[in-house]
Amino acid sequence: MHLYHVGFDSIPCPDIHYGRKNADFGQGFYLTDDKEFSYRWAKEKSGSDTILNEYELDIAGLKVTTFCRDKDWFDYIYDNRNHKPDLVNGDVIIGPIANDIIYDVLGITTSGVLPKEDAMKLLLIGPEYKQIVIKSERAVNQLKWIRSDIISPEKLNEYHSQMAIEEEAFQKLFAEEMEKLV
């Protein structure tokens, strides 16, 4: 499996214990198999290069859990984002990224304005992108770093423009769905 991770460092040896525990699929090393999406996900930081790390993952012998956009996926993300214990014991988790609007969705849900079931409907709109999360040292040992490349500021700007267009379309769909639900 050919994978990508964007950040501000070359990462030949990922640390699965670095990062937020309340991310979509809990704590782990997050990647995608979509190079184009990696560019769109990339951020900028003053004084730092933005770096695309490239890897190969051999999943032979690993416990892999795969989610699709359904109730199990939503419940897993909902629990992780609410700091509940990670109940999926596996080496690798694969599934859709919950659009970052989830923070607003969770806020609306926990405030009582919107039931949890309706929150899931909101997360099903918009484009679907896949994430692959390395959750165990065993999986890290089967992840081979290939190289790191600096993403030029020009390329970042090009992809950020694409993301802005997608985000505007998504916000419109989100507003339309919210009007139906409230």
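Phe25, Phe67 and Tyr76 form one aromatic cluster, where rings of Phe, Tyr and Trp (the last represented by its six-membered ring) are taken to pair if their centres lie within 6.5 Å, and where planes under 30 degrees apart count as stacked, those over 60 as edge-to-face and the rest as tilted. The structure is a predicted model, in which local features need pLDDT of at least 70 and side-chain atom pairs count only at pLDDT 80 or more, whereas totals for chains, interfaces and linings use all residues. Residues are numbered from 1 along each chain as its sequence is written, and side-chain values use heavy atoms, with hydrogens and water left out.

By the ring criterion, the count comes to nine aromatic pairs. One of them, between Phe67 and Tyr76, is stacked, with 5.1 Å centre to centre and 15° between the planes. Phe67 and Tyr76 are both buried, the term buried denoting under 20% relative accessible area, against over 50% for exposed and the range in between for partly exposed (1.4 Å probe, protein chains only). Aromatic faces also receive charged side chains, a charge being placed over a ring if NZ of Lys or CZ of Arg is within 6 Å of the ring centre and within 35 degrees of the ring normal. Lys155 lies over the face of Tyr39, at 4.5 Å from the ring centre, and Lys43 lies over that of Trp41, at 5.7 Å from the ring centre.

Tyr76 also belongs to the buried residues of helix α2, which are Trp73, Phe74, Asp75, Tyr76, Ile77, Tyr78, Asn80 and Arg81; helices (H or I, at least four residues) and strands (E, at least two) are DSSP runs, numbered from the N terminus. Because eight of the 11 residues of α2 (residues 71-81) are buried, this helix is largely enclosed by the rest of the structure. At the start of α2, a side-chain oxygen of Asp70 comes to within 3.2 Å of the backbone nitrogen of Asp72. Such a polar contact is a pair of N or O atoms within 3.5 Å; within protein, one atom must be able to donate a hydrogen and the other to accept it, and residues adjacent in sequence count only if both atoms are side-chain atoms. Just after α2, His83 adopts a positive phi of about 60°.

An open sheet of three strands has the order β1-β3-β7, with antiparallel pairing, two strands being paired if DSSP finds at least two bridges between them. Its edge strands are β1 and β7, each of which pairs on one side only, and neighbouring strands of this sheet are turned by 25° against each other on average, direction ignored. For such angles, axes are lines fitted to C-alpha atoms (for helices over the stretch in contact), and the values run from 0 to 180 degrees between N-to-C directions. Seven of the eight residues of β3 (residues 50-57) are buried, so this strand is largely enclosed by the rest of the structure. Strand β1 (residues 2-7) pairs with β3 over six bridges, with His2 opposite Glu56 and Val6 opposite Leu52. Eight bridges join β3 to strand β7 (residues 143-151), and here Leu52 stands opposite Asp149.

Within strand β1 lies His5, a buried residue with a relative accessible area of 16%. The side chain of His5 reaches the backbone oxygen of Tyr30 at 2.6 Å. When residues up to four places away in sequence are not counted, His5 touches Ile11, Phe29, Tyr30, Leu31, Ile51, Leu52, Asn53 and Tyr55, contact meaning heavy atoms within 4.5 Å.

Four strands form an open sheet in the order β2-β6-β5-β4, and its pairing is mixed. Here the edge strands are β2 (29-31) and β4 (64-66), each pairing on one side only, while neighbouring strands of this sheet are turned by 20° against each other on average, direction ignored. Strands β5 (residues 92-96) and β6 (residues 130-134) pair in the antiparallel sense over five bridges, and Ile93 stands opposite Val133 in β6.

In the loop between β2 and α1 (35-41) lies Thr32, which is buried, with a relative accessible area of 5%. A polar atom of the Thr32 side chain lies 3.3 Å from the backbone nitrogen of Asp34. Leaving aside neighbours within four places in sequence, Thr32 is in contact with His2, Leu3, Tyr4, Phe37, Ser38, Lys130 and Ile132.
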